[in-house]
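Okay, thanks for coming, everyone. Let me put the structure up and walk you through a few spots in it.

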Amino acid sequence: MDRYARWNTLLEILAETGRITVEEAAERLGVSQATIRRDFDQLSQQQMITRTRGGAVAGGISYDLPLRYKTARHVEEKHRIGTAAAGLVSAGQVIALNGGTTITEVARSLAMRTDLVATPGSTGLTIVTNALNIANELIVRPHLKVVVVGGVVRPQSYELIGPLAAPILREITLDIAFLGVDAIDMKLGATSHHEGEAAINALMAARARKVVVIADGSKIGGHAFARICPTDRVHTLVTDGNAPPEQLRGFEEAGIRVIVV
């Protein structure tokens with residue numbers, strides 16, 4: 001297990017339990033106590049945990065791990081979801097992508113679709129995003145027009161948030177808004193842990209003809225702090241086979257197209 005995989009595991013354990021000792025962490029990860037002490041020290045320097053005598057306790061952001069520590073979660077499911085979602089896009093459309101690991105898989109799948117290249121008399125694909133990591137991946141693809149909204153960068157997700165992003169989004173129209181969410185529930189709608197991200201995502205949803213929610217099965221039926229949009233604004237939900245079947249039936253009964261990969 002490499003360093004980042006260990007850190008990801010330690011942060012997830014702390015998010016669930018609140019605290020752990022060096023001895024417990026070493027046993028669970030199968031490494032030496034000296035390695036765990038170094039990991040704790042480095043995570044503490046990044047203000048992600050609080051070091052204690054003989055262990056560590058969760059830091060204030062343990063519920064919302066920075067993007068670079070989320071990449072090991074549900075990797076295969078997210079790849080399949082990204083491929084399926086990208087298949088909903090046609091050449092000439094204007095689409096929005098917010099941030100997150102699953103939406104990043106959508107962006108990567110779109111970048112590989114050679115059929116989206118503009119031909120004489122037609123336009124290619126335009127992608128509007130508030131995520132710097134996604135813009136960075138797509139900007140090297142000459143067949144894609146990439147529009148980045150303004151705002152203040154949120155380090156945990158690389159997303160631009162705040163009032164500077166709103167003027168651009170209010171002046172454009174979107175064919176599809178692809179929204180990665182922290183949770184989606186029939187009654188509570190699509191939600192995010194962070195209110196700033198939710199506000200920008202809500203504006204994307206409002207400017208789109210169709211809203212496609214991207215969520216792995218672990219996020220179906222849950223809820224987070226800030227609402228992005230109600231369920232009746234969602235046209236399609238793309239998820240994986242780990243989603244609770246009763247939740248998916250509820251979405252389908254509400255008229256939402258559900259794609260399970």
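Let's start with Tyr158, which counts as partly exposed because its relative accessibility is 28%; buried means under 20% relative accessible area, exposed means over 50%, and partly exposed is in between, with a 1.4 Å probe and protein chains only. Tyr158 sits in the loop between strand 7 (152-154) and strand 8 (159-161), where strands are DSSP runs of E, at least two residues, and helices are runs of H or I, at least four, numbered from the N terminus. Its phi is near 65 degrees, a positive value in a residue other than glycine.

Quick housekeeping: this is a predicted model, so local features need pLDDT of at least 70 and side-chain atom pairs count only at pLDDT 80 or more, while totals for chains, interfaces and linings use all residues. Residues are numbered from 1 along each chain as its sequence is written, and side-chain values use heavy atoms, with hydrogens and water left out.

Now, salt bridges. How many does the structure hold? Seven, counting a side-chain nitrogen of Lys or Arg within 4 Å of a carboxyl oxygen of Asp or Glu.

Take Arg6 and Asp39, which meet at 2.7 Å, N to O. Arg6 is in helix 1 (residues 3-17) and Asp39 in helix 3 (residues 33-45), so this pair ties together parts that are 33 residues apart in sequence. Both residues are buried.

Then there's Arg108 with Glu137, at 2.9 Å, N to O.

Another pair is Arg209 and Asp175, with the closest N and O atoms 3.5 Å apart. Arg209 is in strand 12 (residues 208-214) and Asp175 in strand 9 (residues 174-180). Is each end buried or exposed? Arg209 is exposed at 69%, whereas Asp175 is buried at 18%.

Last stop, Ala96 in strand 4 (residues 94-97). Ala96 is buried, with a relative accessible area of 0%. Leaving aside neighbours within four places in sequence, its contacts (heavy atoms within 4.5 Å) include Val128, Phe178 and Met204. Met204 is one of the buried residues of helix 8. That helix, residues 195-206, should span 16 Å at 1.5 Å a residue, and its end C-alpha atoms are 16 Å apart, which agrees; the expected span is 1.5 Å times one less than the number of residues.
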